[in-house]
Amino acid sequence: MNKTVMRLILGIMLAGWMIIIFWFSNQPATESSEISGTISYRLVEDTDEIFNWGLTTDQIGNIAGNIEYPIRKAAHMTEYAIFSIFVMIALIVDGIKGVRIPVISAVIAIAFAATDEFHQTFVPGRYGCVLDVLIDAAGSIIGLIIVYIIYKNMCKHKGEKCNNIN
């Protein structure tokens with residue numbers, strides 16, 4: 001596949017992911033909370049079913065309420081891990097090499113996270129939060145570290161020197 005087609009595909013994937021993040025951030029607080037509450041409840045309910053704990057509906061609800069916040073923050077981290085990976089791949093395709101790749105990827109992700117939090121100040125019931133930018137930054141860095149480890153291991157198994165990210 002030639003470089004122009006790769007750039008186009010990566011550009012579409014990156015723009016699509018940015019739209020998904022924007023869409024999640026554009027949900028009013030009640031809608032966003034309802035989605036994460038439902039996910040948390042289903043997670044506890046399914047875990048109860050798998051392990052046959054025999055939890056009551058109230059117990060499931062209480063546990064789901066306790067894990068909703070960590071689930072929301074894990075979603076933030078995952079969104080930005082994926083975003084950073086897309087940016088990193090796009091930079092590699094563009095021919096950027098060395099330590100600049102993860103640094104530029106993280107800076108772009110953090111800048112996008114900050115603008116996304118600013119955007120949330122205009123959404124009913126939502127607000128911008130510096131802590132969320134830091135959580136997004138952590139997700140970005142974790143995603144980049146995972147890709148780096150995978151990339152280095154692939155090079156090691158192929159017996160090649162990794163030229164793009166050192």
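Predicted model: local features only at pLDDT ≥ 70, side-chain atom pairs only at ≥ 80, totals over all residues.
Start with the open space. The largest pocket holds about 380 Å³. It is lined by 20 residues, and those closest to its centre are Phe24, Arg72, Ala75, His76 and Glu79. Helix 1 (3-25), helix 2 (29-51), helix 3 (57-93) and helix 4 (100-120) each put two or more residues into this lining, with helix 3 giving the most, at 8 residues. Sorted by class, the lining of the largest pocket comes out as 9 nonpolar, 7 polar and 4 charged residues.

The second largest pocket comes in at about 260 Å³. Here 14 residues make up the lining, and Arg72, Lys73, Arg126, Tyr127 and Asp132 sit closest to the centre. At least two lining residues come from each of helix 2, helix 3 and helix 5 (130-158). The lining of the second largest pocket splits into 5 nonpolar, 4 polar and 5 charged residues.

On the surface, Met1, Val5, Ile9 and Met13 come together as a nonpolar patch, with about 380 Å² of accessible area between them. Ile9 belongs to helix 1. With a relative accessible area of 34%, Ile9 is partly exposed, so it clears the cut-off of over 30% for patch members.

As for charge pairing, the whole structure has 4 salt bridges. One of them joins Arg7 to Asp94, with the closest N and O atoms 2.6 Å apart. This pair ties together distant parts of the chain: Arg7 is in helix 1, Asp94 is in the loop between helix 3 and helix 4, and 87 residues separate them. Both partners are partly exposed, Arg7 at a relative accessible area of 40% and Asp94 at 41%.

Arg42 pairs with Glu45 at 3.8 Å between the closest N and O atoms, and with Asp46 at 3.9 Å, N to O. Glu45 lies 3 residues from Arg42 in helix 2, so the two are separated by about one helical turn; Asp46 is 4 residues from Arg42, also about one turn of the helix. Shared partners join Arg42, Glu45 and Asp46 into one network. Its members are partly exposed, with relative accessibilities of 46% for Arg42, 28% for Glu45 and 33% for Asp46.

Technical notes. Residues numbered from 1 in each chain as written. Heavy atoms only, no water. 1 Å grid on protein atoms, 1.4 Å probe; cavity = no way out; pocket = protein on both sides within 12 Å on 5 of 7 lines; lining within 4 Å. Points joined across faces, edges and corners; volume = space filled by probe spheres on them. Nonpolar A, V, L, I, M, F, W, Y, C, P; charged D, E, K, R; others polar. Patch = residues over 30% accessible without salt bridge, like charges linked within 9 Å, V, L, I, M, F, W, Y side chains within 5 Å. Areas by Shrake-Rupley, 256 points an atom, 1.4 Å probe, with all protein chains shown as cover. Salt bridge = Lys/Arg side-chain N within 4 Å of Asp/Glu carboxyl O. Buried < 20%, exposed > 50% of the residue type's maximum accessible area, 1.4 Å probe, protein only.
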